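Hi there,

Here is the structure I promised to pass on. Have a look at it first, and then read my notes below.

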Amino acid sequence: MEDSSMPPPCMGNTVTVLSIDGGGIRGLIPGTILDYLESQFQVLDGPDARLADYFDVITGTSTGGLIATMLTAPNKENRPLFTAKEIVKFYVDNGPSIFHQNMGLFAKAENLFTTIKGPKYDGTFLHKIIKELLKETKISETLTNLVIPTFDIKDLEPVIFTTIDGKKTPLKNALLSDVCIGTSAAPTVLPGHYFQTKDPQGNTQDYNLIDGGVAANNPTVVAISHITQQIFMKNPDFANITPKDYGKFLVISIGTGNAKQEGMYNAKDSAKWGALEWLFNKGMTPLIDVFFHASSALVDANLSVFFETLNSYANYLRIQTDVLTGDTASVDNSTPKNLQDLIKVGNDLLKSRVAEVDVTTGIYQAADYNETNEAALKKFAKKLSDERKQRMAKMNM
């Protein structure tokens, strides 16, 4: 590819968005999906093609935020720090150290005690490797627009870090490492993260962050809202898009899987739970599972209706499964077997038919049209490649 930079949306016909849900070690599922998508770009445009070359905005929450950052952070050659294939390897190589498994005789009792007195993991290894990878890179330096939701527990407000805001507002131009550590600090699992930013005048801003999933586990709407804000603020990069042009959005949203709905929890059992049972129950965290799942499903249901209303449903692809069982449903089970099982879930999901969420039940069902996720991604890759080529041609003219 002669020029790796993605021309802005004002040079083309659509606004392109890639969104990745939160879900801990289950990030292997979208990692596997993204590996396939990037391979399709390479078939179309050569071996140097990368996901960041095709999306105006890449957004992710928690583990999705880490993946989004890996795809958009620059290396020494000003190309993406990771290929999609390398992201899968990162999780396999480092997952067991990030989520160190207690396999002892009294593991369950020890895990329960740990959860009562503090986060299940201290985050030391995760923080270390993130800082080593990202060094002093700031969010303003990403190769395409990055959008990462977090939540400030001191102010009880969502905080959205973006490349565009980082370029305009020094106090929002945080280190990518701090943003990643903040958005992945899931309650009960990893510790909250404090850091401070400073502008050239010496003003400072404190951040007390936890997992962005408490506000937006599926961050697709956050990304679309961010773009809408740029349109209203007359950002020249979005000069040809108006609030009436939502049909021009081209969106791929990838989930990390949900636990199989039948029998996971029920009202009869939960009616007896106290605070401890809601936070730790048979190795799971019901409270976290419930609001993460609810957030993701509600966003998908709303967007499905939104795109269908605009007669542009073909511009929206959600890849998600809700059939995870046992260890694969866990956000932190990093045994070698479970890591391989999660990769298999991702590969099986590629071969599965595109599923749509039933807005009345929240359950994913095969779409009326007989198309696999793999085939749908291949079509989207062609659309995205054509859009990029049109922008490049217009820019060169």
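Which residues does Phe-41 touch, not counting residues up to four places away in sequence? They are Gly-46, Ala-49, Leu-51, Tyr-54, Phe-55, Ala-381, Leu-384 and Ser-385, where contact means heavy atoms within 4.5 Å.

Before you go on, please note that this is a predicted model, in which local features need pLDDT of at least 70, side-chain atom pairs count only at pLDDT 80 or more, and totals for chains, interfaces and linings use all residues. Residues are numbered from 1 along each chain as its sequence is written, and side-chain values use heavy atoms, with hydrogens and water left out.

Now to the rings. Rings of Phe, Tyr and Trp (its six-membered ring) pair if their centres lie within 6.5 Å; planes under 30 degrees apart count as stacked, over 60 as edge-to-face and the rest as tilted. By this rule there are seven aromatic pairs. Phe-41 and Tyr-54 are stacked, because their ring centres are 3.8 Å apart and their planes are at 5 degrees. Both Phe-41 and Tyr-54 are buried (under 20% relative accessible area, 1.4 Å probe, protein chains only). Elsewhere, ring pairs link Phe-82, Phe-90 and Tyr-91 into a cluster.

Enjoy exploring!

Definitions and conventions
Buried means under 20% relative accessible area, exposed over 50%, partly exposed in between (1.4 Å probe, protein chains only).
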